[in-house]
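Subject: Structure handover

Hello,

Here is the structure we talked about. My notes follow below it.

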Amino acid sequence: MKVIVKYLGNVAEQLKSEYEYIELPEATTYLQFLEVLNTLHPDLQGFVYKVAINQSIATEDVELKDDDEIAILPPYSGG
Amino acid sequence: MLTEEEKYRYSRHIKLNEVGETGQQKLKQSNVLVIGAGGLGCSVLQYLSAAGVGTLGIIDFDTIELSNLQRQILFTTEDIGKNKAKVAAKRLSGINPNVDYIVYPKRLTTKNALSLFNDFDIVIDGSDNFATRYLVNDAAVITNTPLVYGAIYKFEGQVSVFNYQNGPTYRCLYPDFAGYGANTNCSDIGVMGVLPGMIGTHQANETLKIILGIGEVLSGKVLLVKALNNDSQKLSVSKDQHEIDKVMAKADEFENIDYDVLCNTIKSIGPEINASELKQMLGNQNMTIIDVRESFEKPRYKELNAKDIPLGVINSVDLELPLDEQIVVYCQHGIRSKKAIEILKKKGYQNLTNLTGGILTWN
């Protein structure tokens with residue numbers, strides 16, 4: 001299956017990418033996805049961010065589905 | 001009661017069924033505190049003033065700089081060097097003299113935040129650093145004050161209403177600041193001038209809806225706005241009671257929490273530090289240095305301003321420091337200090353750093 005991952009703020013900057021499609025094995029869970037993400041982008045180690053799955057901030061280890069939209073949301077401090 | 005002047009001034013509000021004279025009266029009776037008269041503050045303040053919010057508190061210790069004028073649109077070139085809160089209030093009184101402007105030309109601190117928040121119905125966060133944002137969140141939780149949140153980064157912004165009718169708080173979204181040093185820069189970075197205008201306007205809109213009791217308040221959601229491609233979306237945020245309880249559990253010691261530690265020190269210090277790194281950090285208010293040598297050992301350097309607590313007694317001495325205090329420990333060669341760190345860890349201290357090679361590397 002395939003999910004779209006949208007990067008925001010300084011994460012997008014670090015990865016030089018606003019979004020990408022990531023191919024995952026069927027029944028990959030949220031936490032397994034995070035491992036895939038970290039392997040794919042070791043640069044993200046040390047970054048703080050929240051993850052939204054289909055417009056909801058993830059709070060538990062759910063199973064992902066084909067076409068899920070995932071957003072990587074770092075905190076902003078500017079005012 | 002509204003005066004004739006007010007009825008005319010606010011006539012376009014009053015004509016709205018959702019507002020009317022009753023709603024305008026609610027606005028007149030409301031008190032709103034704006035933290036920071038920077039990009040977000042300048043934007044939100046103009047609309048709240050024009051809308052007839054009865055009392056507007058403005059707190060900002062900072063002075064106006066030339067590089068602010070690209071986005072902080074209450075200020076003019078003649079205002080450079082003056083206090084932002086004072087100049088903002090002066091400009092706003094031209095927009096709407098009916099509003100009471102309460103100016104606090106000082107820093108928001110843990111010492112003044114709680115009493116200040118207690119005097120206002122709603123607090124708006126227009127600050128520009130994480131330390132203040134966590135301070136504002138925690139003070140809002142402790143005083144049970146709704147918090148209208150806005151934050152920006154280059155071309156992107158976030159808006160939400162926290163702590164509203166038992167809803168989620170900022171810490172339900174971003175629980176802790178540990179590790180922020182890795183990916184954030186507390187000093188100024190670039191920002192599109194119009195962005196704080198957009199985000200501040202969203203904050204003003206949320207504030208007015210809260211006061212008027214109309215529409216859907218952006219609680220339990222965070223709005224993301226990307227100015228570069230006009231993408232915007234609302235993400236759901238759940239309440240994390242555990243995070244709220246943690247803030248409440250520390251409510252009694254709130255005045256002594258050092259929020260600046262987040263931006264100033266955590267990022268620059270690891271479990272080991274060398275002499276030249278420590279030299280650069282001397283004078284940092286958020287750090288305690290402990291010398292675990294015996295009193296007769298030399299050399300001793302006054303500039304370190306260290307507490308003398310020999311290794312043999314460190315387990316039994318009460319350091320009288322908060323458990324999250326940044327502590328640097330040293331001895332002669334950096335070996336006994338490692339043992340001391342083990343002991344302090346067991347006592348619950350979390351931010352412990354060893355001076356590599358000991359004090360003999362100092363000069």
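How many residue pairs are in polar contact between chain B and chain A? The count is 18 residue pairs, both residues at pLDDT 80 or more. A polar contact here is a pair of N or O atoms within 3.5 Å; within protein, one must be able to donate a hydrogen and the other to accept it, and residues adjacent in sequence count only if both atoms are side-chain atoms.

Some ground rules. This is a predicted model, in which local features need pLDDT of at least 70, side-chain atom pairs count only at pLDDT 80 or more, and totals for chains, interfaces and linings use all residues. Residues are numbered from 1 along each chain as its sequence is written, chains are lettered from A and ligands numbered from 1 in the order written, and side-chain values use heavy atoms, without hydrogens and water.

**The interface**

Chain B brings 36 residues to the contact (heavy atoms within 4.5 Å), and chain A brings 23 residues. Together they bury about 2500 Å², 54% of it on carbon and sulfur atoms. Buried area is the accessible area (1.4 Å probe) lost on putting two parts together, summed over both.

Two salt bridges link chain B and chain A. The cut-off is a side-chain nitrogen of Lys or Arg within 4 Å of a carboxyl oxygen of Asp or Glu. Lys226(B) and Glu18(A) form a salt bridge at 2.5 Å, N to O.

Several elements of chain B each supply at least two residues to the side that touches chain A, among them helix 4 (39–51), helix 7 (130–143) and strand 5 (147–153). Strand 5 of chain B gives the most, with five residues. Helices (H or I, at least four residues) and strands (E, at least two) are DSSP runs, numbered from the N terminus.

**Chain B sheet**

An open sheet of five strands runs in the order 9-13-12-10-11, with parallel pairing (at least two DSSP bridges between two strands). Its edges are strand 9 (272–273) and strand 11 (307–308) of chain B. Strand 10 (287–291) and strand 12 (326–330) of chain B pair over five bridges. Asp291(B) stands opposite Tyr330(B) in strand 12.

**Chain A strands**

Strand 1 (2–7) of chain A pairs antiparallel with strand 2 (19–23) over five bridges. Strand 1 also runs parallel to strand 5 (69–73) of chain A, joined by four bridges. Lys6(A) has Tyr19(A) as its bridge partner in strand 2, and Ala71(A) as its bridge partner in strand 5.

Best wishes
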